[in-house]
Amino acid sequence: MYLPVLSETKYIFFSASEYLPKMFYYTHFPGIIISLIMSFYVYLKAQKSLATKNFFLICIFFSAWVLSDIIAWTNPSSDLQMYVWRFYSLLSFSIVFFSYYFFISITHTGVNYKITLLIASFYLPLLYFALTEKGADIMMVPYAGANETSGYLIFTYGIELGLIGYIFYLAIRKIISTKGQERKIILILSAGLFFLLIPFILFSAIDSYKAFNGMTNVFDLEAHGLLGMNVFMACIAYLIVKYQFFGIRWKANRVLLFALLAIVVSQVFFVSTTFDRIFVAISSLAAVIMGYLLIKVIRSEEETKIQELERVNVELQKLDKTKSEFINIASHQLRTPLTIVKGVASLLVSGKIERFSQEDKKQFYGSVWSKCLKLENIIDDILNAATFTNKKYSVMNQCAQNVNVKQLLEKIVTDFSQEIQEKKLKVSIIDQTSERNEVWAQKEYLEEAFVNLLSNAIKYTPAASAGNEGDISFRLLSRDTKHLIVKIQDSGIGIAEQEIPKLFGRFFRAENARRLYTDGTGLGLFIVKEIIEGHGGRIAVVSQLDKGTTFIIQLPLNASVEPDIRKHLINQAILSNNIKQ
Amino acid sequence: MKKVLFIEDDADQLFLFRKRFDLDKIEVFPARNSREAFDTLQQLRPDVILLDILLGSENGLDILEKLKNDPAAKDIPVIIFTNYEREALKRQSTIDMASDFMMKLKVTPDQLAEKVLNIGGKEG
């Protein structure tokens, strides 16, 4: 057998002797570094499951084995060498045992405790060999240095190879019985374990056999077997990146960089001249810095994306909440008037209506009519709210005209005269403008806005009584030559300060308003705001609970454009035609 | 003659169902809030209580809890009568205290009258 001569090559920590396996540094150091980092990382970051604990233990026992091997090969103290030698089998069996446990903790829903206990029972003789002097006598050939007895070798390699065989028997059965993603995961996992265990134990067994027969003193093959750990780690890393194995989320770029760094940095151990060492150290440092910067850039890009996603998510959640609130309100509001319509209709259909007096019938029909109107309103509001964009209420010049706000308000107040009288309210229009108060507007929209405001003022102002005048006023003011100010002041229930910012939101209803009128849709003021802003105006509100509310509207005066009524009517016709089609 | 305590603040609905109950000689005692309801309960014992949920500033479910905690009233069957969907409401355990949950829109006045007539036997 050819023995490589590595005489007097100086590495970090020690010089190579001729007995040192050729690739010793390559095979031992990266494995120990990678497996320790991985195991601690997984242990700290992963969900604490049986699988992560077993993985951690595989790595720890592997590192311990490699460390023992480093000591055994390089330490000049033969006592220490002999001491660590006794633990080899205990450690290597532990790697196989926890690989088995790791595999079943991932692939099997339950652990077969009988079989596991049987396998674990092999620990007893191994502990006996490792820890007692009598055991050590059985293990080692007396006076022959680090040579094990044949019985010991057959026993230890026998149980290890047997257990590996059992793991792969389970793996093959599992691969056959699963499919899809689960099958892929088990396949990769089994491949990783295959590369970890087979070279490690089998090569070790072969070298031991050779050494036993005096064919070699260098455990070269065994040393190469340790490289399988890197393949195992690569498989686990792949599972983490691809399938969030262990519940860890990794980005492929970070894993790649980490692997690159491990390879580059480990070069320091494998070069023998000072110049090379400095060169490798500098290039490693450069790689570390570059990698750090790269990850930082990628991370900040990711963080920007994450922040954006979080913002969108918050928006969506708000929207979703509004939506479900709306559905709750809308479904109740739609059902309530329909209950009356359906109830009366059912009496008509069954003919029972004939058993009621004329007066009762009249009241039934009256309430059906008013509930139909109510439904119509609710449907309009809902459809408006569901379809609008901010442009919905903006002025289309072809549909706009000069609107005299004072006249418009007078008309609206007249329309509401019945409600105003019922509650004995006093509604006044005070014109304090010096010039004409015409605004360029789409009249039907502007009317809708003022109707909503007046109807709110009437609803939320208590009927006139001893302590309450029940005053509602519209005040027209001109602050400058370009704007008209309209103030609508009531002496109603007011709006709580904390609710004012939400007042113009879609589907918003103030707490006290909800108590007073249970059937509002929370769309009125939203529509008002849309209309006023669509006309280039602004709306603000001042309010005090139980004292009253004042809405202040500013609309741009625009008398320079003469209204073209004919054109307007033609356009209206075209528009309504489009809608009908 | 059956007696119904009808806790409801909507005049139109009250009128409709009440008139229909009249045809079957079901006596209706309306109450717009918990105060009126408990005042009525002091004077008589209805066969059934119809209970709306959205009652101005009051929540019908609070009234239900009060009724079920009142030794005199706790055995009177309560039918929740509302236009909310059962699943859309919170406090399901309170709702379970009621003997029935009916959505107003899903029953006609005839069906409601029949339901009331069948409570606790034909004649109460």
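In this predicted model, strands β3 (residues 48–51) and β6 (residues 78–82) of chain B run parallel and are joined by 3 bridges. Strands are DSSP runs of E of at least two residues, and helices are runs of H or I of at least four, both numbered from the N terminus. Two strands pair if DSSP finds at least two bridges between them. L50(B) stands opposite I79(B) in β6(B).

The open sheet has 5 strands in the order β2-β1-β3-β6-β7 (chain B), with parallel pairing. β2 (27–31) and β7 (100–103) of chain B each have a single partner strand, so one side of each lacks a neighbour in the sheet. Neighbouring strands are turned by 20° against each other on average, direction ignored. Helix α2 (residues 34–43) of chain B lies across β1 (3–7) and β2, at about 160° to β1(B). Axes are lines fitted to C-alpha atoms, for helices over the stretch in contact (heavy atoms within 4.5 Å), and angles run from 0 to 180 degrees between N-to-C directions.

Chain A contains 20 helices and 7 strands. Of its 581 residues, 44% are buried (under 20% relative accessible area, 1.4 Å probe, protein chains only). I298(A) is found in helix α13 (residues 274–350) of chain A. I298(A) counts as buried because its relative accessibility is 19%. Its C-alpha atom is separated by 9.5 Å from that of R254(A), 44 residues apart along the chain.

Residues are numbered from 1 along each chain as its sequence is written, and chains are lettered from A in the order written. Local features need pLDDT of at least 70 and side-chain atom pairs pLDDT 80 or more, while totals for chains, interfaces and linings use all residues; side-chain values use heavy atoms, without hydrogens and water.

Key: Buried means under 20% relative accessible area, exposed over 50%, partly exposed in between (1.4 Å probe, protein chains only).
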